[in-house]
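This report describes the fold of one protein chain in plain terms. Please look at the sequence and the structure first.

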Amino acid sequence: MIWNEAKECMSRDELAVLQGARLHKQVDRIYHNVEFYRKKMQAAGVEPGDIQTVEDVTKLPFTTYADLRDNYPYGLLAVPRSEIVRVHASSGTTGKPKVLCYTRRDVEIWSECVTRAMAMAGITRDDIIQVGYGYGLFTGGLGAHYGAENLGAMVIPMSTGNTKKLIDMMIDCEVTAIACTPSYLLHVAEALEEQNLVGKIKLKYAVCGAEPWTDAMRDQIEKRLGIKAYDIYGLTEILGPGVACDCSAHKGLHIYEDHFLPEIIDPDSLEQKEHGELGELCITTLTKEGMPLLRYRTRDLTSLEYDKCECGRTMARIQRFRGRSDDMLVIRGVNVFPSQVEHALLTVAGTTPNYFITVDRVNNNDTFDVAIEVEERFFSDEVKKLEKLRAEVEDAIHQTVGIKAKVKLVEPNALPHSEGKTKHVEDRRKLTE
Ligand code: DLL
């Protein structure tokens, strides 16, 4: 079902006119309300009057997550603080998270976008949907929740962390749809299989996202659970889940271009790429009130297809994600920057900045191992002290990153060192093929 046919199927010409008008209005508002942007635009020699059409977007300066960090928490607000009704946050590169603020209208538009995504996946008001994303400060839980309610479906707000309860309720409440990360859904499939319960579920649809996944994972989910699985993309900075979602054609994720203006840029030269070329996705919010973003560099590498989809929608499609233009990892749906681990280590006396992160996927669960060189003296001391230090490091990483790592302490020089840029990460999951 197409939830908002007037918008999702509008002609590209009409869309360009709408985008141009919204872009102009947005830039004008931002220029007058946010000092940071005004200064940036002045430095670039651009005024709101210069931005009239979609093509004019290239005249605008980029925004990066460093800008969000530097203006933490309220520096980029484009409305009075009293207009904000919700805050979410996502990991930053070091200790401080990125904080994003939503007005009531932002929450409504976000809900509409998620509703479009769920309708795209075939979910209707007759469905019973379990939301298995975390509810705070992550955007997944409340984002999926409001979208499903807006659709009129019945929502069970499971959140994360209790697979047994999720399975019990899935069966008892005759759940027909689920929103969670794809790796978690595979974990649920495994648990159902182990208990011989697959035949007892009424599940038909899944809307999975928050982390990269492959067609092979989709195949497995669909076959093992006998359902249809759809991919949903988003990021906290833009709103959360519901920036884009794939339709039954599975030929890319339709991005809701009436609200988000996408571009693909070269991450080095920052020049706009041609349609279909691989590069970094960059998004300008067209309707966001609370914290609008101009040319936000998502760091996600992909390409865009603009031809009309067989489902009838005209909105551009984000193609397979090819990784990131920075070093962010998504582990168990949580964004992790190696610099956060480094930051955590600084807080524990006796550790060194020499660490190595290994990420893998074992039985559909992401593993997160961190080896750290510690001072020699710990190896001559009693084992108890080494164990205490290990627990401290594990705790510091958990506090900073938000997920638990398996920590191994090693002697000085046990890890690979290099003359040039030391490699700190090995990601053994094959998620971009
Ligand atoms: O992950 C929002 C979300 C929640 C999306 C639930 C979908 C479902 P962040 O925590 O800010 O927001 O992480 C955003 O996660 O830039 C991508 O690198 C990655 N990501 C999100 N969805 C997908 C996806 C949420 N479907 C970052 N495929 C993004 C690949 C994804 N990567």
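Where is the place of Ala 153? Ala 153 sits in the loop between α6 (140–151) and β4 (154–156). Here helices (H or I, at least four residues) and strands (E, at least two) are DSSP runs, numbered from the N terminus.

The model is predicted, so local features need pLDDT of at least 70 and side-chain atom pairs count only at pLDDT 80 or more, while totals for chains, interfaces and linings use all residues. Residues are numbered from 1 along each chain as its sequence is written, and side-chain values use heavy atoms, with hydrogens and water left out.

**Two ends of the burial scale**

Ala 153 is buried, with a relative accessible area of 8%. Buried means under 20% relative accessible area, exposed means over 50%, and partly exposed lies in between (1.4 Å probe, protein chains only). Not counting residues up to four places away in sequence, Ala 153 touches Thr 124, Arg 125, Asp 127, Ile 129 and Ala 148. Contact means heavy atoms within 4.5 Å. Ala 153 and Ile 123 are 30 residues apart in sequence, and their C-alpha atoms are 8.0 Å apart in space.

Met 1 lies in the segment before α1 (5–8). Met 1 is exposed, with a relative accessible area of 55%. Even so, Met 1 touches Ala 119, Met 120 and Arg 313, again not counting residues up to four places away in sequence.

**Nonpolar cores**

In soluble globular proteins, nonpolar side chains tend to be buried together. A nonpolar core is a set of buried Ala, Val, Leu, Ile, Met, Phe, Trp, Tyr and Cys residues joined through side-chain atoms within 4.5 Å. The largest such core has 81 residues, and Met 118, Ile 123, Ile 129, Tyr 233, Ile 238, Phe 260 and Ile 318 touch the most other members. Helix α5 (residues 104–120) gives the most to this core, with nine residues. Another core, of 29 residues, lies apart from it and includes Ile 167, Leu 186, Val 188 and Trp 213.

**Helix α7**

Which residues of helix α7 (residues 163–172) are buried? They are Thr 163, Leu 166, Ile 167, Met 170 and Ile 171. These residues cover an arc of only 125° around the axis, so they are on the same side of α7. The arc is that of the directions from the helix axis to the C-beta atoms. The buried residues of α7 pack against β3 (128–131), β5 (177–180) and α8 (182–194). Lys 164 and Asp 172 are exposed, on the face of α7 turned away from its buried side.

Nine strands form an open sheet of mixed pairing, in the order β4-β3-β5-β6-β7-β8-β9-β14-β13. Two strands pair if DSSP finds at least two bridges between them. β4 and β13 (304–305) stand at the edges with a single partner strand each, so one side of each is left without a neighbour in the sheet. β3 and β4 pair in the parallel sense over three bridges. Gln 130 has Ile 156 in β4 as its bridge partner.

Strand β11 (residues 279–285) and β12 run antiparallel and are joined by four bridges. Cys 282 stands opposite Arg 297 in β12. Seven of the seven residues of β12 (residues 296–302) are buried, so the strand is largely enclosed by the rest of the structure.

**Aromatic rings**

Rings of Phe, Tyr and Trp (its six-membered ring) pair if their centres lie within 6.5 Å; planes under 30 degrees apart count as stacked, over 60 as edge-to-face and the rest as tilted. By this rule there are five aromatic pairs. Two of them are listed here.

| Pair | Centres | Planes | Type |
|---|---|---|---|
| Tyr 65 and Phe 337 | 5.5 Å | 70° | edge-to-face |
| Tyr 133 and Phe 138 | 6.3 Å | 65° | edge-to-face |

Tyr 65 is in helix α4 (residues 65–70), and Phe 337 is in the loop between β16 (334–336) and α10 (338–346), 272 residues apart. Tyr 65 is buried at 16% relative accessibility, and Phe 337 is buried at 1%. Tyr 133 is buried at 5%, whereas Phe 138 is partly exposed at 29%.
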